[in-house]
Amino acid sequence: MTSLQQTFDRSLEILFELIRIESVNPTLVSGGAGEQAIAEHLSGLLNSEGIPSELQPVAPGRFNVLAAVQGSGPGPRVLLNGHLDTVSIAGMKRPLVPVLKEGRVYGRGAQDMKGGLAAAVAALLALSRSKEDWKGEVVLAAVADEEDLSLGTTWFLEHWPQDRPFDFALVLEPTDLEVATAHKGFAWVEVTTRGKAAHGSRPADGVDAIRLMGQVLGHLDRLDRDLQSRPLHHLLGSGSLHASVIRGGRQWSSYPDRCHLKYERRTVPPETRETVETEFRQILQTCHDQDPHFQGEASLVCAREPFEADPEKAVLQRFYRTARSQRPRHVGWGSVSFWTDAALLAAAGIPTLVFGPRGAGLHSLEEYVVAEDLGDCAEIIYRFVTQAQPD
């Protein structure tokens, strides 16, 4: 019979399998494989282990994997959340070949976040083999599209039965084994300035849309410096912004009639999407007031709110104590800077934490996760579930 420890340690084997399957988000990278192949593989793995799983189509060719294990009777319902998609593999030497070296597993998605997902799967396998030892239900939602618009978790929440509420959710993003109760939000804004096309030799006939955008960029620069000079949050510090993409002009000898800017604004509590909208409206009004030739418009393309949980909540305290009892040298309270689907789960009223293995290289050309943390994360989930009692 397979021991519990052997089941926890299977997380490393599962991670290797997941890394080998390309799952680049196709809305971020044209030609990316998306989640279908990896979802089918994970569903097949769970089914082969006696855990019924369901493929949930959230967009053409893009799927969530949903699986659940019930204990010996009624009890808390726990959600394990992780995403299947990755960012680009361009520029990486061997992104789909997992390599274990000096205790680290390298490969695209190793840290973000196939490592955490593998730990969640191993925990689910262990729980399915010891159903008599615990009560309640554990649900795994391995979701699509977290790296872009979070279609997967949004779809999952919209379709989950309201008469089956969750008592706790754990998002297995990499946190360096810190129990994270907060992370930043983000907003994507598009700005267009409009000039007047003319021959470069006739300045009286033309209005330079790129120079008009320069005015906007100047105000954005001042806003960013002001934001970072006054931290608002005790864990997350300050909000910030950066220019992401800019396009304008047609040829050397013409005044450009249009310039288009995309910028990202990172937010911290208590900032909201309304905060961002107010900022860019004020900037456009100031530009117009200062320059009669200024014509511009802006729109909020996407906004995701920051995440913050109350660490005093009983179920969150219980998870923290479980994790710290397993890894006392590394586990502590903390936060992460990047956005996760935890914000969506918390907004749905689910007590939520972010917790995952150590590693480095998020979205970079060399990404790794610490191998020993995978089995430990799986065991922490298992201990938390099997020791849990309703509040």
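**Close-up views of a predicted model**

**View 1. Helices α5 and α6 pack with their axes 10 Å apart, at an angle of about 135°.** What you see here is a predicted model, in which local features need pLDDT of at least 70 and side-chain atom pairs count only at pLDDT 80 or more, while totals for chains, interfaces and linings use all residues. Residues are numbered from 1 along each chain as its sequence is written, and side-chain values use heavy atoms, leaving out hydrogens and water. Helices (H or I, at least four residues) and strands (E, at least two) are DSSP runs, numbered from the N terminus. Axes are lines fitted to C-alpha atoms, for helices over the stretch in contact, and angles run from 0 to 180 degrees between N-to-C directions. The angle here makes α5 and α6 oblique to each other; under 35 degrees would be roughly parallel, over 145 roughly antiparallel, 65 to 115 roughly perpendicular, and the rest is oblique. Nonpolar covers Ala, Val, Leu, Ile, Met, Phe, Trp, Tyr, Cys and Pro, charged covers Asp, Glu, Lys and Arg, and the others, Gly among them, are polar.

**View 2. The second largest cavity holds about 40 Å³ of space.** It is one of two cavities of 30 Å³ or more in the structure. On a 1 Å grid over the protein atoms alone, a cavity is a set of points where a 1.4 Å probe fits but cannot get out; a pocket is an open set with protein on both sides within 12 Å along at least five of seven lines, and lining residues have an atom within 4 Å of a point. Points are joined across faces, edges and corners, and the volume is the space filled by probe spheres set on them. Which residues line the second largest cavity? Look for V191, V216, L220, Y263, F280, I283 and L284. By class, the lining has seven nonpolar residues, no polar and no charged ones.

**View 3. The largest pocket has a volume of about 680 Å³.** Its lining is made of 24 residues, and those nearest the centre are L28, E147, W188, E264 and R266. Strands β9 (185-194), β11 (240-248) and β13 (258-267) are the elements that give two or more residues to the lining. Sorted by class, the lining has 12 nonpolar, three polar and nine charged residues.

**View 4. The second largest pocket contains about 350 Å³ of space.** K93, R94, Y106, L365 and E366 lie closest to its centre, out of 13 lining residues. Six lining residues are nonpolar, two polar and five charged.

**View 5. Helix α1 (residues 4-19) packs against helix α2 (residues 36-48) at an angle of about 150°.** Their axes are 11 Å apart, and the angle means that α1 and α2 are roughly antiparallel to each other. You can follow the contact through R10, I14, E17 and L18 of α1 and I38, H41 and L45 of α2. Four of the contact residues are nonpolar, one is polar and two are charged.

**View 6. Helix α3 (residues 110-128) and helix α9 (residues 371-387) cross at roughly 45°.** Here the axes come within 8 Å, and the crossing angle makes α3 oblique to α9. On the α3 side, find G115, A119, A120, A122, A123, A126 and L127; they meet L374, C377, A378, I381, Y382, V385 and T386 of α9. The residues of this contact divide into 12 nonpolar, two polar and no charged.

View 7. Most residues other than glycine have a negative phi, and most peptide bonds are trans. Where are the cis bonds? One joins D112 and M113, with omega about -15°, and M113 is in helix α3. Another runs from P269 to P270, with omega near 10°; P270 sits in the loop between β13 and α6. D145, a residue other than glycine, has a positive phi near 70°. You will find D145 in the loop between β6 (137-143) and α4 (151-159).

Conventions: Contact = heavy atoms within 4.5 Å.
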